[in-house]
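Keep your viewer open and follow along. Each stop gives you something to select and says what is there.

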Amino acid sequence: MYNDNEVNKMKILTVNAGSSSLKFNCIELPSEKELISGYFEKIGLNGSFYNIKMNGSKTKREVDLTDHTDAVKYLKEELIENKIVSSLDEIDGVGHRLVHGGDQFKDSVLLNDEVMKVVEEFNDLAPLHNPAMIACIKAFQKELPDTPMVGVFDTSFHQTMDELAFMYPVPYAWYKKYGIRKYGFHGTSHKYITNRMKKLLGKESINIINCHIGSGGSIACIKDSKSIDTTMGFSPNSGLMMGTRSGDIDYSIVPFIMKKTGKSVEEVDTILNKQSGLLGISEKYADHRDIETGMKDGDQNCILANDMYVSKVVDYIAKYFVRLDGKVDALVFTAGLGENAREFREEIVSKLGSLGIVLDSKENMKIASYLDQQEGMISSEESQIPVYVVPTNEELMIALDTYNLIS
């Protein structure tokens with residue numbers, strides 16, 4: 001497909017660090033070939049381990065991971081032992097996913113001391129993610145001091161929103177002093193899907209409604225290939241209800257529950273982020289696959305949780321349909337549920353008939369990540385708006401941004 005003499009082949013490492021985890025991929029570009037991937041878990045906790053996936057096989061290793069520096073050390077060893085590289089000098093660039101870049105980064109950037117200082121200013125906005133990601137970046141910079149590092153921000157894609165979309169009706173001084181505004185998240189996924197849909201539709205400028213629905217979920221309203229609105233806001237716990245997140249609620253619930261229970265604001269915040277959503281309503285399950293099993297068994301709470309989730313998704317699709325003045329090139333489903341929960345997709349689309357959207361049930365049932373077909377159109381010929389299922393690939397998007405910046 002590619003002539004080695006005509007293209008600049010590079011090995012790009014993508015890194016997605018959480019507070020106690022580190023996910024990585026090594027991708028060869030421009031061929032987009034994944035060479036190796038892995039996931040370090042329970043960093044800084046008891047029972048730490050990591051998985052390595054290569055050539056379709058997976059290996060698990062139980063090791064002590066005191067901090068992200070240890071994870072980087074083992075990652076380095078795996079790259080060399082598996083002959084991905086003979087030395088780290090062969091890694092051409094490292095792309096780091098960063099959850100929060102505030103309103104300062106409208107695109108991916110090369111990471112230098114000046115940029116890192118700005119990133120650290122947003123630690124208060126992403127206290128569970130940004131500090132861990134910064135620690136991981138520093139560990140990689142120590143191991144690969146001459147290798148360019150790129151920051152790919154979850155918030156960047158949504159920086160095309162205007163004030164009408166990103167401002168909250170609170171004192172304007174809060175925005176000026178404290179940065180209180182909608183930032184949006186899952187931007188790397190929404191950007192990847194936008195680029196993929198441009199190819200599928202054969203258009204450079206597209207209007208789509210993209211539903212990234214997994215354990216966390218967000219919907220993006222994309223006009224002329226740019227985000228003009230999205231469901232997640234100041235934090236990822238806004239918009240849709242999710243696996244464990246409440247999504248939008250009446251803010252007065254927070255002080256009310258604090259008074260009734262004696263819980264602190266931090267405790268209530270934890271409940272709304274980690275004990276709500278599908279888990280809160282079902283009282284059992286955060287994973288929609290378990291919700292589906294409960295529904296089949298007649299569990300009324302599971303049925304309610306599912307119906308609420310469907311309703312929230314439908315509400316936002318309808319809202320963004322209006323934002324786009326009905327000029328929608330495609331409705332897209334992606335991420336864990338979006339790509340695999342076929343009955344869930346059908347329930348959503350069945351409620352969109354008034355928008356002229358009609359499902360082809362047979363085509364819908366053919367598409368899931370564990371089936372032969374993973375991408376395609378699931379709407380019928382009579383549907384006024386095509387509906388697609390498209391697998392997201394945030395790692396590839398990070399690698400491509402890194403490749404393009406350092407080429």
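Start with the open sheet of six strands, ordered β11-β10-β9-β12-β14-β13, with mixed pairing. Strands here are DSSP E runs of at least two residues, helices are H or I runs of at least four, and both are numbered from the N terminus. Two strands pair if DSSP finds at least two bridges between them. Color β11 (226-230) and β13 (376-377): these stand at the edges with a single partner strand each, so one side of each has no neighbour in the sheet.

A word on the model: it is predicted, local features need pLDDT of at least 70, side-chain atom pairs count only at pLDDT 80 or more, and totals for chains, interfaces and linings use all residues. Residues are numbered from 1 along each chain as its sequence is written, and side-chain values use heavy atoms, leaving out hydrogens and water.

Next, select β9 (residues 208-213) and β10 (residues 217-223). They run antiparallel and are joined by six bridges. Find Cys211: opposite it, in β10, is Ile219.

Now show helix α6 (residues 187-201). It packs on the sheet, touching β9, β10, β11, β12 (330-334) and β14 (387-389); contact means heavy atoms within 4.5 Å. The direction of α6 makes about 135 degrees with that of β9. Axes are lines fitted to C-alpha atoms, for helices over the stretch in contact, and angles run from 0 to 180 degrees between N-to-C directions.

Move to α7 (residues 253-261) and α8 (residues 265-274). Their axes come within 10 Å and cross at roughly 120 degrees. Show side chains for the contact: Val254, Ile257 and Met258 of α7 meet Val265, Val268 and Leu272 of α8.

Select the other open sheet, of eight strands: β5-β4-β3-β2-β1-β6-β8-β7, again with mixed pairing. Its edge strands, β5 (57-62) and β7 (109-110), each pair on one side only. Inside it, five bridges join the antiparallel strands β3 (residues 33-41) and β4 (residues 49-54). Tyr39 stands opposite Asn51 in β4.

Which residues have the most contacts inside the largest nonpolar core? Select Leu13, Leu22, Phe40, Leu79 and Phe140, from a core of 48 residues. A nonpolar core is a set of buried Ala, Val, Leu, Ile, Met, Phe, Trp, Tyr and Cys residues joined through side-chain atoms within 4.5 Å; buried means under 20% relative accessible area (1.4 Å probe, protein chains only). Helix α3 (residues 130-143) gives the largest share, six residues. Finish at the second, separate core of 38 residues, including Ile213, Ile291, Ile367 and Ile378.

Note on methods:
Buried means under 20% relative accessible area, exposed over 50%, partly exposed in between (1.4 Å probe, protein chains only).
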